[in-house]
Amino acid sequence: MHTLHFQEIDSTSTYLKRNYENLPNLTFVSASFQTNGHGRYDRKWISNKEEDLLFSLLIKDKKYIDDFSSLSIKSAVAIIKVLEDIYKIDNVSLKWPNDVFINDKKVCGILLESISNDNNIDCLIVGIGLNVNSSDFKGDFRICPTSLQEVMKKPLEIDLLKKHAYESLIDQLDNNDYLEFVRKHNYLKGKTVYSNVGKITVKDIDDNNNLVAEKDNQIIHLNTGEISFHLE
Ligand code: BTN
């Protein structure tokens, strides 16, 4: 297990992008503060100092790289399991493809990035931002955020949570039986939402981690994209 912690860094994921060649598989990098954290679609991911859990995991093992389509969903499963099993939080769900929700609010964002050379993926970087003790939320978010403190009405110890998150993530990497769990935690199921192909009604998640939805009376399978609740 190779773990690194920074009091302050530009971004834990960017750190891994710069240094992956010299770091072992499953290097785990966390930070108390990021000066240039980023999320999906190049949005800023802003957290206050020492209030949230910010970390990235480096994946170099070919067996995980080959199965990359499941990686962001498995990472979300890892976080959901920690929140449900250890912190006993109710109404935790996965907003496909990789947000963790509590009730109707986003508590955790996951960003999967890859570094490729000559059409080969050299490594994957899973970046996770979990709102822990924050109460004022900054950054470019489309969905109302929440934090664990807001839900549990008490502050949480970030180092302990980090340990649970790391262990759960490592556990989930080898779990190939996660889809039933994901289907039971599918926040979007039954909802009519907007996707990159227009208005859809979500039905399920298929065996390839794709979203199954109905559009104009036809069943479609989406493998990526952003789902929103309003036309933007
Ligand atoms: C999203 O919901 O858009 C994904 C957000 C991912 C944020 C995390 S925080 C740790 C890691 N470092 C980054 O710069 N981004 C990810």
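Let's start with a strand pair: E10 and strand E11 (residues 218–222) run antiparallel and are joined by five bridges. (Strands pair if DSSP finds at least two bridges between them; a strand is a DSSP run of at least two residues, a helix one of at least four, numbered from the N terminus.) This is a predicted model, where local features need pLDDT of at least 70, side-chain atom pairs count only at pLDDT 80 or more, and totals for chains, interfaces and linings use all residues. Residues are numbered from 1 along each chain as its sequence is written, and side-chain values use heavy atoms, leaving out hydrogens and water.

**Strands and turns**
- Val212 has His221 in E11 as its bridge partner.
- The E10–E11 hairpin has two residues between its strands, and Asp216 in the turn has a positive phi of about 50 degrees.
- E10 (residues 211–215) also runs antiparallel to strand E9 (residues 198–205), with four bridges joining them.
- Five residues sit between E9 and E10 in their hairpin, where Asn209 in the turn has a positive phi of about 70 degrees.

**Around the ligand**

**Polar contacts**
- Look for pairs of N or O atoms within 3.5 Å: a side-chain N or O atom of Gln34 is 2.9 Å from a ligand nitrogen atom.
- His38 uses a backbone N or O atom, 2.7 Å from a nitrogen atom of the ligand.

Conventions. Polar contact = N/O pair within 3.5 Å; in protein donor to acceptor, adjacent residues only side chain to side chain.
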